[in-house]
Amino acid sequence: MKTTKEVKEIKIESVFNESRRSLVKEYIKQNSSNQSKRRLLRNELLSIQFQIEDYIALDSTNDETLKLLDFVKMYLKILNITKKEFAKYLDMQDSNLHKYLIGERKLNAKVALKISRFTHTKPEYWFGIQIKNEIIELRKEEKRNDEYEKYDYAKMLDF
């Protein structure tokens, strides 16, 4: 049995140094080159899905909003499809789809299902993005305006 003095302490620098990072990157690069095009595409699409999940899950304090359009553009770029082609594929006019994607129109179940089927994601993600953006707008409005102070029930009941 080793005594305390004999056990070497592993320092984080020895595990995560630049040399090790380079080895890990090279390993990933080699394994990626052995993957099929379909698998590489799937990895890229999963990357976007994880970005959507992160966007929805993180409590945004910096007020940065990403629209549905931002995420759809990521998919279209990877799939090398134009927005017009995408709209046509979804049996929609480009201008109507654009209104949903920029938030001018609220997403409905049919459009959410079409996008989710196309991207192999849950329709809840697309509603989640829309709801998150609405909450961010709500917080901005609260900060900008004291007009809502008068709507306190205590003022009406004159406590």
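Lys77 has its place in helix H4, where helices (H or I, at least four residues) and strands (E, at least two) are DSSP runs, numbered from the N terminus. At 72% relative accessibility Lys77 counts as exposed, a label that stands for over 50% relative accessible area, while buried means under 20% and partly exposed lies in between (1.4 Å probe, protein chains only). This is a predicted model, in which local features need pLDDT of at least 70 and side-chain atom pairs count only at pLDDT 80 or more, whereas totals for chains, interfaces and linings use all residues. Residues are numbered from 1 along each chain as its sequence is written, and side-chain values use heavy atoms, with hydrogens and water left out.

**The chain as a whole**

- The secondary structure of the chain comes to nine helices and zero strands, and reading along the sequence gives the pattern α-α-α-α-α-α-α-α-α.
- The chain is more spread out than a compact globule, because its radius of gyration is 24 Å, well over the 15 Å that the globule rule gives for 159 residues; the radius is taken over C-alpha atoms, and the rule is 2.2 Å times the number of residues to the power 0.38.
- Along its principal axes, the C-alpha trace of the chain spans about 75 × 55 × 25 Å.
- Of the 159 residues of the chain, 23% count as buried.
- The accessible surface of the chain comes to about 12700 Å², of which 55% belongs to carbon and sulfur atoms; accessible areas come from the Shrake-Rupley method with a 1.4 Å probe, and for residues only the protein chains shown count as cover.
- Among contacts (heavy atoms within 4.5 Å) between residues at least 6 apart in sequence, 56% join residues at least 24 apart.

**Helix H3 and its partners**

- Helix H3, which covers residues 37–57, has 21 residues and reaches 30 Å from its first C-alpha to its last, close to the 30 Å expected at 1.5 Å a residue, where the expected span is 1.5 Å times one less than the number of residues.
- The buried residues of H3 are Leu45, Leu46, Ile48, Gln49, Ile52 and Tyr55, and these buried residues pack against helix H4 (68–79) and helix H8 (123–144).

**Two loop residues with positive phi**

- Most residues other than glycine have a negative phi.
- Asp91, in the loop between helix H5 (83–89) and helix H6 (94–101), has a positive phi near 60°, and Asp91 is exposed, with a relative accessible area of 67%.
- His120, in the loop between helix H7 (109–119) and H8, has a positive phi of about 60° although it is not a glycine, and His120 is exposed, with a relative accessible area of 59%.

**Residue pairs across the sequence**

- Lys77 and Ala112 are 35 residues apart in sequence, and their C-alpha atoms are 19 Å apart in space.
- Tyr89 lies in helix H5 and counts as exposed at 61% relative accessibility, while the C-alpha atoms of Tyr89 and Lys114, 25 residues apart along the chain, are separated by 9.5 Å.

**Ile10 before the helices**

- Ile10 is found in the segment before helix H1 (12–15), and at 67% relative accessibility Ile10 counts as exposed.
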